[in-house]
Amino acid sequence: MSENKQRVSRRQFLNYTLTGVGGFMAAGMLMPMVRFAIDPLLQPEAEHDMVQVVSVDKITKEPQKFDFKINQVDGWYESEVSNSAWVYKNDNGDIIALSPVCKHLGCAVSWAEDPGNPNRFFCPCHYGLYEKDGKNVPGTPPMGPLDVFDSQVKDGYLYLGKTKPNPVGGA
Ligand code: FES
């Protein structure tokens with residue numbers, strides 16, 4: 001049986017040791033920086049993305065506008081942003097929360113503001129109209145329905161989250 005021993009010179013030993021220690025120290029310095037940089041990406045979608053808006057017993061069959069504030073996190077910048085929703089109960093008792101932002105050019109819509117269309121959402125900027133469920137009225141400028149908010153009811157309160165496309169679809 002032959003022995004295949006390799007001798008390590010003092011120079012090689014020092015090289016290996018210094019490389020190992022240097023690498024360990026560099027990793028120790030870089031890890032917190034990397035963690036700091038990508039931390040927002042590692043955070044799970046927070047439940048507090050849903051914001052308490054109104055007590056459910058205040059919601060009627062007639063759309064009402066409710067204002068609320070959302071905590072907006074953009075990377076490391078956190079701010080409070082005002083928002084609002086048109087909220088009502090439909091004939092099945094389901095709560096519908098519509099975005100007030102017109103899908104034409106982004107003006108704010110109002111419920112029953114146009115005397116000629118008492119049961120529709122109206123956008124005063126270019127006379128846009130939407131049905132109660134948010135569907136755009138053909139022949140008016142908006143090409144799609146009002147967005148709806150993600151919503152949930154907890155402990156008697158309505159919570160709203162992000163907006164998403166309205167399932168009623170466009171006219
Ligand atoms: S912005 Fe609403 S109709 Fe133009």
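**Ground rules.** I am working on a predicted model, where local features need pLDDT of at least 70, side-chain atom pairs count only at pLDDT 80 or more, and totals for chains, interfaces and linings use all residues. I number residues from 1 along each chain as its sequence is written.

**Overall dimensions.** I checked the radius of gyration, taken over C-alpha atoms, and got 29 Å for the chain. A compact globule of 171 residues would have a value near 16 Å, by the rule of 2.2 Å times the number of residues to the power 0.38. The C-alpha atoms fill a box of roughly 100 × 40 × 40 Å along the principal axes.

**Secondary structure.** I count one helix and nine strands. These are DSSP runs numbered from the N terminus: helices are H or I with at least four residues, strands are E with at least two. Along the sequence the pattern reads α-β-β-β-β-β-β-β-β-β.

**Helix 1.** I picked Met31, which lies in helix 1 (residues 10–42). Met31 counts as exposed because it has 10 C-beta neighbours inside 10 Å. I then took the C-alpha to C-alpha distance from Met31 to Gly161: 34 Å in space, 130 residues apart in sequence.

I found an open sheet with the order 5-6-7 and antiparallel pairing. Its edge strands are strand 5 (110–111) and strand 7 (128–130), each pairing on one side only. Two strands pair if DSSP finds at least two bridges between them. Strand 5 pairs with strand 6 (residues 121–123) over two bridges. Ser110 has Phe122 in strand 6 as its bridge partner.

**Hairpin.** Which residue in the turn between strand 8 and strand 9 has a positive phi? I find Asp155, at about 50°. Two residues separate these strands. Strand 8 (residues 148–154) and strand 9 (residues 157–164) are antiparallel, with six bridges. Val148 is bridged to Lys164 in strand 9.

**Record check.** UniProt, in an unreviewed entry, places "domain: Rieske" at residues 87–160. I note that such annotations may be inferred rather than shown by experiment. Over residues 87–160 I get 0% helix and 35% strand. The end C-alpha atoms of that stretch are 10 Å apart.

Methods. Buried ≥ 20, exposed ≤ 12 C-beta atoms within 10 Å, placed from the backbone.
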